[in-house]
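Subject: A structure for you to explore

Hi there,

Here is the structure I promised to pass on to you. Have a look around it yourself, and then read my notes below.

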2 protein chains.
Amino acid sequence: MSIDDKLSPIAQSFTLKDHTFDVLRAAILEMDIYDPEADLRLDERKLAERLNISRTPIREALARLAHEGLVQIVPRKGVFVCRKSRKDILEMVVTWAALESMAARLVTINASDTDLKMLRKFAMKHSSSAVRADLEEYSDANVTFHQTILELSGCALLRTTADGLFTHMQAVRRRTMGESDRARRSVVDHMEIIDALQSRDGDLASRRVREHTMRLHDHIAKTWSRVENIGLLRDAAARSN
Amino acid sequence: MSIDDKLSPIAQSFTLKDHTFDVLRAAILEMDIYDPEADLRLDERKLAERLNISRTPIREALARLAHEGLVQIVPRKGVFVCRKSRKDILEMVVTWAALESMAARLVTINASDTDLKMLRKFAMKHSSSAVRADLEEYSDANVTFHQTILELSGCALLRTTADGLFTHMQAVRRRTMGESDRARRSVVDHMEIIDALQSRDGDLASRRVREHTMRLHDHIAKTWSRVENIGLLRDAAARSN
DNA sequence: ATCGGATATATGGTATACCACAGATTGGCC
DNA sequence: GGCCAATCTGTGGTATACCATATATCCGAT
């Protein structure tokens, strides 16, 4: 192997636009947009100054973010990070369920026995973290588990479409986790899903994945009101000033 | 009613960027991109001249189109309309099936009896066009039928996500239709789907929608080779020159 | 005649200047 | 003192000029 092989990917059609998109996207996902105190405003010129580039690539990145639903661009008003409503979030979970349940069905057809053995091994390895209530570790493992199912389906579009939704769920997860009961139940669900996959039962695997995801749906439906209420309280307080 | 009511929506935060996006998108969907003779190249400057605007809004529109997968932007080479591979198309159909089958399940929960009665009435009204082999009319009715199911699910995200896929399928449909056998079979499928919806059987409705869509999948899998082969022939001819 | 490299050209990427409009500010009039 | 309007400021939208590089062209050396 020559040194060229290691150098080749460098600066290969690198563009500021794409880089800016990644940076902004990461930054938005990083911030807790549901904090009522959060500053949701983005300023093209300030960003340009911060990143030491012109507004042009920033605007292209913002346009993409807007199209992806992460920000809203209001002409002559500003660019604002989008706060998802409870309804939006529930719809994302439903759509996620649709995609992953289809993926599970395909997995029973397309995945190799080896793939499924590795998936089971992975799930068992990290099940202890749920019991230990190490939520950080469990969360990561949980994400990987579901992404693996989408991956093993062999349908890249299912995976990418779900990834788009997953982006928006990052901020939600921060507020959904924390109940170790859900984590423990999740572990059981995962094992039952793997059982169905390994028995190559498409109908069963599809159903279990769907029901697993819809449990998250129902959980959010019951508990998510809090954030919006805080927002309403804040608005009311502002009006009374 | 005063004249204001009719004028109000005019120029309401209209932007060239969005307009250009719509125009380009419509133009791309209009052209038969699978014609081997088709010119897939787009030139920012020529478009700017044609539309009498600067490159800036065009570039933003192109960036969005690229993100949506309709075009591919290659730095210092050009912008090209994307030709979907057979695999891409099959994946779109699978993903579509995932979304619409979930939608059907939700319809059995959320739709009113009146909604379903209207859906049946619509389907019956247009079933004759399939028999008459009036493919233009049947195709439109077919589209409306499936969009209605997504609509009645009550989950806007399912609908919009599916719409995104549908965009890409326009060009494919032109080459998939034409076999009246499929149209007739489709009519039967639709009626069976409506039966399941009206009996409020979520599992059955979901399954029938999935199987219906996957029949399109299998059909394309069997017949789509033609276009790519033509492309290969053209390439081979070009090489031998 | 053929090959190689220098130059020309075309393309998308980037920077910058200016525009139009929304909101806030301020000034003057009543 | 309050209200309205002219103005000022800040924002995203648009146009334009310039840059870097990939490709094509052409000329000269062999």
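Before anything else, please keep in mind that this is a predicted model.

**How the two chains are related**

Let's start with the protein chains. Two copies of a chain are related by a rotation about an axis and a shift along it.

**Around the DNA strands**

Next, go to DNA strand C. There are 18 residues around DNA strand C, and the ones that come nearest are L16(A), I53(A), S54(A), T56(A) and G78(B). Two or more residues each come from α2 (16–30) and α4 (55–68) of chain A, and also from α3 (44–51) and β3 (78–81) of chain B. Which element has the largest share of the surface near DNA strand C? That is α4(A), with three residues. By class, the surface near DNA strand C has six nonpolar, four polar and eight charged residues.

Now turn to DNA strand D, which is surrounded by 19 residues. The closest are L16(B), I53(B), S54(B), T56(B) and R76(B). At least two residues each are supplied by α3 (44–51) and β3 (78–81) of chain A, together with α2 (16–30) and α4 (55–68) of chain B. The most comes from α4(B), which gives three residues to the surface near DNA strand D. The classes there are seven nonpolar, four polar and eight charged.

**The sheet in chain B**

Strands of a sheet pair through backbone hydrogen bonds, either parallel or antiparallel. In chain B, three strands form an open sheet with antiparallel pairing, in the order β1-β3-β2. Which strands lie at the edges? They are β1 and β2 of chain B, each of which pairs on one side only.

You can follow the pairing residue by residue:

- Strand β1 (residues 41–42) of chain B pairs with β3(B) over two bridges, in the antiparallel sense. Here L42(B) stands opposite V79(B).
- Strand β2 (residues 71–74) of chain B pairs with β3(B) over four bridges, also antiparallel. V71(B) has V81(B) as its bridge partner, and I73(B) stands opposite V79(B).

So that you can find it on screen, the hairpin of β2(B) and β3(B) has three residues between the strands, and R76(B) takes a positive phi near 60° in this hairpin.

**Some backbone angles to look at**

Most residues other than glycine have a negative phi, and most peptide bonds are trans. That makes a few arginines in chain A worth a look.

R76(A) is not a glycine, yet it has a positive phi of about 60°. You will find R76(A) in the loop between β2 (71–74) and β3 of chain A. Is R76(A) buried or exposed? R76(A) counts as exposed, because it has 5 C-beta neighbours inside 10 Å.

R200(A) is another residue other than glycine with a positive phi, near 55°. R200(A) sits in the loop between α9 (180–198) and α10 (202–223) of chain A. With 14 C-beta neighbours inside 10 Å, R200(A) counts as partly exposed.

Finally, take a look at E68(A), which lies in helix α4 of chain A. E68(A) has 16 other C-beta atoms within 10 Å, so it is partly exposed. E68(A) and H168(A) are 100 residues apart in sequence, while their C-alpha atoms are 9.5 Å apart in space.

Happy exploring!

Note on methods. Residues are numbered from 1 along each chain as its sequence is written. Chains are lettered from A and ligands numbered from 1 in the order in which they are written. This is a predicted model: local features need pLDDT of at least 70, side-chain atom pairs count only at pLDDT 80 or more; totals for chains, interfaces and linings use all residues. A residue is near a molecule or strand if its C-beta atom, placed from the backbone, lies within 6 Å of it. Ala, Val, Leu, Ile, Met, Phe, Trp, Tyr, Cys and Pro count as nonpolar, Asp, Glu, Lys and Arg as charged, and the others, Gly among them, as polar. Two strands pair if DSSP finds at least two bridges between them. A residue is buried if 20 or more other C-beta atoms lie within 10 Å of its own, exposed if 12 or fewer, and partly exposed in between; C-beta atoms are placed from the backbone.
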